[in-house]
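Here is a briefing on one protein chain. Take a look at the sequence and the fold before reading on.

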Amino acid sequence: MRGRQGTARSTARPSGRGRHPAVGRLCLVAALGLGPVLPAQQALAVVEDSTPAVVEDSTPAVVEDSTPAVVEDSTPAVVEDGVPAYAFAADAQRVEGAPSTADAEELEPGRTYRSTLPAAGTVYYRLELDDTATAYASATAVPPPGRTVSVADGVKVTVEDADGRSCDVDTANFGAPGSPRPVAAWAMREISPRRSLCAEAGTYYVTVERAAPDARDASPDPWEMELTTVSEPALETAGPTRAPDAWNSATPAPVQGQAQRRPGGAGFAQATPLDEGVWRDDIRPGQSLFYQVPVDWGRQLHATAELGSSGTDPSGYVASALDLDLYNPVRGHVEDLGIGYDGGQKAKALKPLPPVAYENRHASGRQVTAMRFAGAYYLVAHLSAEVAEKFGDGPVPLTLRVRQSGEVRDGPGYAGRAVPSDVFTVAGGGGGTADAGEGGADGDRLYRVLAAGGIGTGSALVVGLGVWTAVARRRAAV
């Protein structure tokens with residue numbers, strides 16, 4: 001269940017030199033695909049960070065730099081009550097929420113932070129903003145597993161100006177599953193010709209609190225929390241100020257074919273990349289799985305979730321067994337679905353969503369406004385802990401059918417760079433930023449290969465990068 005109050009209320013390429021040719025990339029790709037899939041950005045980082053070192057001193061650099069990253073970043077290190085714990089971003093900086101705005105610590109755009117949400121009360125963080133960029137703040141609350149939670153509880157995020165006026169507020173509740181799981185809410189300081197409040201440069205505050213800490217069965221424990229902030233630049237030229245009047249709202253047939261095994265990640269930072277296709281994993285009661293789907297400007301995303309038969313006596317029933325949430329690139333909630341389960345196979349599709357377009361932000365419905373930029377959209381599946389009571393604590397088959405439709409369009413033409421710079425881009429797509437950054441087409445194609453195929457063991461990387469190095473040296477000698 002979600003609650004957004006979107007209106008403000010008043011209260012007092014480089015050319016590619018230095019990168020190796022296609023034959024080298026093919027040798028690298030041939031050595032991949034033997035193990036669990038890395039999140040796309042992590043996979044790209046392994047290649048970009050280790051390639052220059054390999055040319056100079058290949059073997060030590062690959063063994064030392066790439067192998068630990070694969071093990072550390074792709075495998076959840078902590079298991080609680082038989083369920084992998086939420087995987088916080090490895091680079092998340094610890095920050096303490098202040099009980100007063102006077103002591104609020106600053107959140108810098110593009111950074112990820114880790115903090116604590118108390119069982120009662122509000123915590124404050126500070127933003128220093130100019131008068132041109134739109135700022136987004138998201139809080140992912142992670143209650144401890146094995147505890148009870150109220151269906152009404154969750155996390156509430158607000159952005160306020162220095163005078164205490166609310167710029168935006170959003171609430172994420174646990175809803176019908178009543179199962180402890182990560183939930184994320186987002187709020188923004190938006191620069192828009194249709195809004196005059198919160199448009200000045202200055203100090204703003206992000207407030208985070210529990211949605212219903214006094215509700216029945218509410219957890220009495222403090223929760224861990226992951227915070228992200230993103231800055232979106234203004235446009236070079238003014239664009240439309242109305243949302244599209246019409247778009248294809250028909251639900252297409254789900255993707256068919258044999259499902260490919262694709263283990264889900266344990267957090268946003270470890271979300272497993274998915275392209276169009278049929279993807280399969282097993283999910284345990286109380287577990288949450290994270291996936292990311294790159295969606296470009298002009299494209300429509302369609303997703304169907306299926307729970308397979310349990311193989312046990314189908315005499316029980318869980319009304320809200322599976323919850324599938326869709327989040328946008330700044331971890332803003334878009335849409336969700338719930339599936340009841342009786343031990344037999346069940347399937348349900350997300351409601352149709354509009355094509356990704358900058359002007360969607362001018363719509364009145366929150367599902368449409370959230371589809372406002374290209375980038376990595378997140379599918380987060382959670383299986384209720386109640387399923388264990390009816391069908392045992394073994395895993396249940398989960399299948400995701402992902403489809404995209406519509407033509408890719410050019411981005412809106414930003415006047416500057418987003419922070420982080422790649423948040424509103426899709427590798428090989430229109431992007432829409434003033435500076436696409438390093439990598440070019442070669443980097444984009446390699447990003448897609450790594451994201452879709454996965455990276456195998458450290459030894460596979462040694463072989464692939466070693467061949468890549470040999471090719472590069474041979475070309476240099478010619």
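The model is predicted.

**Nonpolar cores**

- In soluble globular proteins, nonpolar side chains tend to be buried together.
- Here the largest nonpolar core has 50 residues. Leu 307, Leu 322, Tyr 377, Leu 379 and Phe 424 have the most contacts inside it.
- Strand E19 (residues 318–327) gives the largest share of this core, five residues.
- What does Leu 322 touch, beyond residues up to four places away in sequence? Its partners include Ile 283, Leu 307, Leu 337, Ile 339 and Leu 398.

**Aromatic rings**

- A pair of aromatic rings is described by the distance of the centres and the angle of the planes.
- The count comes to 12 aromatic pairs.
- Phe 268 and Tyr 378 have ring centres 5.1 Å apart and planes at 85°, so this pair is edge-to-face.
- That pair links distant parts of the chain, 110 residues apart. Phe 268 is in the loop between strand E14 (260–261) and strand E15 (272–273), while Tyr 378 is in strand E22 (residues 375–383). Both Phe 268 and Tyr 378 are buried.
- Tyr 341 and Phe 391 are also edge-to-face, at 5.2 Å centre to centre and 65° between the planes.
- Tyr 341 is in strand E20 and Phe 391 is in helix H4 (residues 386–391), so the pair ties together parts 50 residues apart in sequence.
- Tyr 341 counts as buried because its relative accessibility is 0%. Phe 391 counts as buried at 9%.
- One aromatic cluster is formed by Tyr 86, Phe 88, Phe 268, Phe 290, Tyr 327 and Tyr 378.

**Charges over rings**

- The charged end of Arg 114 sits over the ring of Phe 88, 3.8 Å from its centre.
- Arg 189 lies over the face of Tyr 204, 5.2 Å from the ring centre.

**Salt bridges**

- Side chains of opposite charge can pair when their charged atoms come close.
- The count comes to 18 salt bridges.
- Asp 325 and Arg 181 form one, at 3.2 Å from N to O. Asp 325 is in strand E19 and Arg 181 is in the loop between strand E10 (166–173) and strand E11 (183–189), 144 residues apart.
- Are these two side chains buried or exposed? Asp 325 counts as buried, at 5% relative accessibility. Arg 181 also counts as buried, at 5%.
- Asp 221 pairs with Arg 147, with the closest N and O atoms 3.2 Å apart. Asp 221 is partly exposed at 22% relative accessibility, and Arg 147 is partly exposed at 42%.
- Arg 94, Arg 114 and Glu 224 are linked in a network of salt bridges.

**A buried charge without a partner**

- Glu 335 lies in strand E20 (residues 333–341).
- Glu 335 is buried yet has no salt bridge. The nearest side chain of opposite charge, Lys 351, is 4.9 Å away. A salt bridge needs the nitrogen within 4 Å of the carboxyl oxygen.
- Contacts of Glu 335 beyond four places in sequence include Leu 324, Asp 325, Lys 351 and Gln 367.

**A loop residue**

- Ala 211 is in the loop between strand E12 (202–210) and strand E13 (223–232). Ala 211 is partly exposed, at 29% relative accessibility.
- Ala 211 and Thr 171 are 40 residues apart in sequence, but 6.7 Å apart in space, C-alpha to C-alpha.

Notes:
Residues numbered from 1 in each chain as written. Predicted model: local features only at pLDDT ≥ 70, side-chain atom pairs only at ≥ 80, totals over all residues. Heavy atoms only, no water. Helix = DSSP H or I, 4+ residues; strand = E, 2+ residues; numbered from the N terminus. Buried < 20%, exposed > 50% of the residue type's maximum accessible area, 1.4 Å probe, protein only. Lys, Arg positive; Asp, Glu negative; His and termini not counted. Contact = heavy atoms within 4.5 Å. Core = buried A, V, L, I, M, F, W, Y, C linked by side-chain atoms within 4.5 Å. Phe/Tyr/Trp six-rings, centres within 6.5 Å; stacked < 30°, edge-to-face > 60°. Lys NZ or Arg CZ within 6 Å of the ring centre and 35° of its normal.
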